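Student: I have just opened this model and would like to go through it with you. Could we take it step by step?
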Amino acid sequence: MDDPLILSRIQFAANITFHILFPTITIGLAWVLLFFKLRYNATRDAKWMGCYTFWVKIFALSFALGVVTGITMSFQFGTNWPGFMNTVGNVAGPLLGYEVLTAFFLEASFLGIMLFGTQRVSNNIHTLATFLVAFGTSLSAFWIIALNSWMHTPAGFEMIDGKAHVTSWLEVIFNPSMPYRLVHMLLASGLTIAFLIAGISAYRLRRGNDVPEVRAALKTGIYLAALLIPIQIFAGDAHGLNTLEHQPAKIAAMEAHWETSGNVPLVLLGLPNKETKSNDFALEIPGGASLLLTHNVSGEIKGIDAFAEHPPVAPLFFAFRIMVGVGMLMLCVSWLGSLQLWRKGRVAKPLLWGITAMSFSGWVAVVAGWYTTEIGRQPYLVQGVLKTADAVTTVPASMVGLTLAGYLILYAVLIVAYIKVVFYLARMACDGGKRMDEDKFSSSAVVDVVEKQ
C-alpha cells in the first residue's frame with residue numbers, strides 16, 4: 001500500500017482506538033471510586049474501603065496508559081495531519097489546551113493523594129481529592145467531546161483566507177451535536193466500568209474469593225449497568241435524531257438505506273451491496289427505520305442517492321450493529337443479574353462465567369460506536385469545511401507505513417499486558433495479597449489509618 005492518506009487514516013484510527021479504551025475506564029471508575037469512598041464514610045464498613053483500595057490501582061494503571069497514548073495521538077496532528085491544524089487550529093488548539101490546563105492538571109495533581117495520601121492527609125481531604133479527580137476526568141471528556149463534536153457540526157466560526165476564526169466560543173463549544181455526544185460518551189464510560197467491575201468481581205468469586213468487598217463490588221457493577229443501559233438507549237435515540245438532522249448522509253449509510261422513501265424498513269442484518277445498491281440476505285422490520293428516526297411508520301428518510309458525497313456504507317452498517325448488539329447483551333445480562341441478586345442475594349455460577357467473559361465488553365461497544373461516528377463523517381475531517389484528503393501529510397507512504405507497523409506492534413503488546421495485569425491484581429487479591437506490600441495496599445491497613453484520623 002503506497003497511499004499516505006489511507007496509511008495515515010489507519011494509523012490515527014489505531015492510535016485513537018487504543019487510546020479511547022483507557023479514558024472510558026478512568027471517567028467512569030473515578031466516580032465509582034468516589035461512591036466507594038462515600039459509602040465507607042457513611043457506614044464505616046471496611047468492605048467499601050476494600051473496594052476502593054483494589055480499584056484505585058486499576059485506575060492508576062489505566063490513567064498512565066491513557067496519558068501515554070494521548071500524547072502520541074496529539075503528535076499526529078503535526079506529523080500526519082498538518083492541514084488540520086493549519087486550517088482549524090484556531091479552534092482545535094485552544095480546546096486541546098483548555099483540556100490540558102484544566103482537566104488533566106486537576107487529575108494528575110490529586111491522583112497522588114488518592115494513591116498515597118491515606119496516611120498523609122485527613123479522610124475528608126482524601127475524599128475531596130477523589131472527587132476532584134472524578135470531576136477532572138469528566139471535564140477532560142467535556143473538552144475533547146466539544147472539539148470532536150465541532151468537527152461534525154461546526155458552528156461559531158468564519159473562514160478568512162482559508163482558515164477558521166472563532167466568532168463565538170459559546171457556539172463552538174456547545175455546537176448542535178455536543179450535548180448528545182457528551183451524554184452518550186459519559187454513559188458509555190459508566191457502562192464500560194460497570195461491566196469491568198462486575199466481570200473482575202465475578203472472576204474473584206469463581207476463584208473462591210467470596211468476601212464482603214467482592215460481593216459489594218459485584219452488586220455495584222451489576223446494578224450500575226442495569227440502571228445505565230436503559231438511559232443509554234434513550235440517549236442514543238436522541239443522538240440519532242440529532243444526527244439525522246445534521247448529518248443525514250451518515251444515517252443513510254448506517255441504515256444501508258439506498259433510496260429516499262417513506263415507510264423505510266429497519267435492516268437488522270444483511271450484506272450491503274454497493275454495486276446493486278441493495279442489501280443481500282436482509283432481515284428487516286417493515287417501517288422500523290421510519291418509526292425510530294421520524295417516530296412515524298410512514299416517515300420519509302433520505303437515502304444514499306440523495307447525497308453527492310457520503311461515507312462508506314458497509315463499515316458504518318456493521319459497526320453500528322455491533323454497538324447495538326453489545327448494548328442489548330449488556331441489558332439482558334445486567335437485568336438478569338439484578339433479578340438474581342434481588343431474589344436470591346447472589347448470582348448463579350453460569351451467569352458468573354458470562355459476566356466474567358463480558359469484563360471488557362464495554363470496549364467493544366465503545367470502539368464500534370466511535371468507528372460509526374468517525375467513519376460517518378467521511379470524506380470530511382471537519383464536516384463541510386475540510387476534507388480528509390486536503391489535510392493529510394506529504395511524508396512518503398513508506399515512512400507512514402513504518403511508523404504504523406511500530407505502533408501496531410507496541411499497542412498489541414501493551415493491551416495484552418494491561419489485561420494480564422488487571423487479572424493478575426485480581427488473582428493476588430484472591431490469594432490475600434501475599435506478594436503485595438501489606439503496609440501500603442491492604443484494605444485493613446488503610447481502614448486502621450482512616451479510623452485513627
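Student: Let me start with charges: which residue forms a salt bridge with arginine 377?
Tutor: Arginine 377 forms a salt bridge with glutamate 374, and the closest N and O atoms are 2.9 Å apart. A salt bridge here is a side-chain nitrogen of Lys or Arg within 4 Å of a carboxyl oxygen of Asp or Glu. Please keep in mind that this is a predicted model, in which local features need pLDDT of at least 70 and side-chain atom pairs count only at pLDDT 80 or more, while totals for chains, interfaces and linings use all residues. Residues are numbered from 1 along each chain as its sequence is written, and side-chain values use heavy atoms, with hydrogens and water left out.

Student: Is arginine 377 buried or exposed?
Tutor: Arginine 377 counts as buried because its relative accessibility is 5%, and glutamate 374 counts as buried at 15%. Buried means under 20% relative accessible area, exposed means over 50%, and partly exposed lies in between (1.4 Å probe, protein chains only).

Student: How many salt bridges does the structure hold?
Tutor: The structure holds six salt bridges. In one of them, the side chains of glutamate 255 and arginine 321 meet at 3.3 Å, N to O. This pair links distant parts of the chain, with glutamate 255 in the loop between α8 (248-254) and β3 (266-273) and arginine 321 in helix α10 (residues 313-344), 66 residues apart. Helices (H or I, at least four residues) and strands (E, at least two) are DSSP runs, numbered from the N terminus. Both glutamate 255 and arginine 321 are buried.

Student: And which salt bridge does lysine 387 make?
Tutor: The side chain of lysine 387 meets that of glutamate 309 in a salt bridge of 2.3 Å, N to O. Because glutamate 309 lies in the loop between α9 (288-294) and α10 and lysine 387 in strand β6 (residues 386-387), the pair ties together parts that are 78 residues apart in sequence. Glutamate 309 is partly exposed, with a relative accessible area of 35%, and lysine 387 counts as partly exposed at 29%.

Student: Changing topic, how many aromatic pairs are there?
Tutor: The structure holds 26 aromatic pairs. Rings of Phe, Tyr and Trp (its six-membered ring) pair if their centres lie within 6.5 Å, and planes under 30 degrees apart count as stacked, over 60 as edge-to-face and the rest as tilted. Phenylalanine 18 and phenylalanine 22 are edge-to-face, because their ring centres are 5.2 Å apart and their planes stand at 75 degrees. These two residues are four apart in helix α1 (residues 4-43), so about one helical turn separates them. Phenylalanine 22 is buried, with a relative accessible area of 0%.

Student: How does phenylalanine 22 pair with tyrosine 418?
Tutor: They form an edge-to-face pair, 5.0 Å centre to centre with 75 degrees between the planes. Since phenylalanine 22 lies in helix α1 and tyrosine 418 in helix α13 (residues 397-430), the pair ties together parts that are 396 residues apart in sequence. Tyrosine 418 is buried, at a relative accessible area of 1%.

Student: Which residues touch the most other members of the largest nonpolar core?
Tutor: Of its 77 residues, Leu29, Leu33, Trp55, Phe84 and Tyr418 touch the most other members. Helix α2 (residues 46-79) gives the most to this core, with 13 residues. A nonpolar core is a set of buried Ala, Val, Leu, Ile, Met, Phe, Trp, Tyr and Cys residues joined through side-chain atoms within 4.5 Å.
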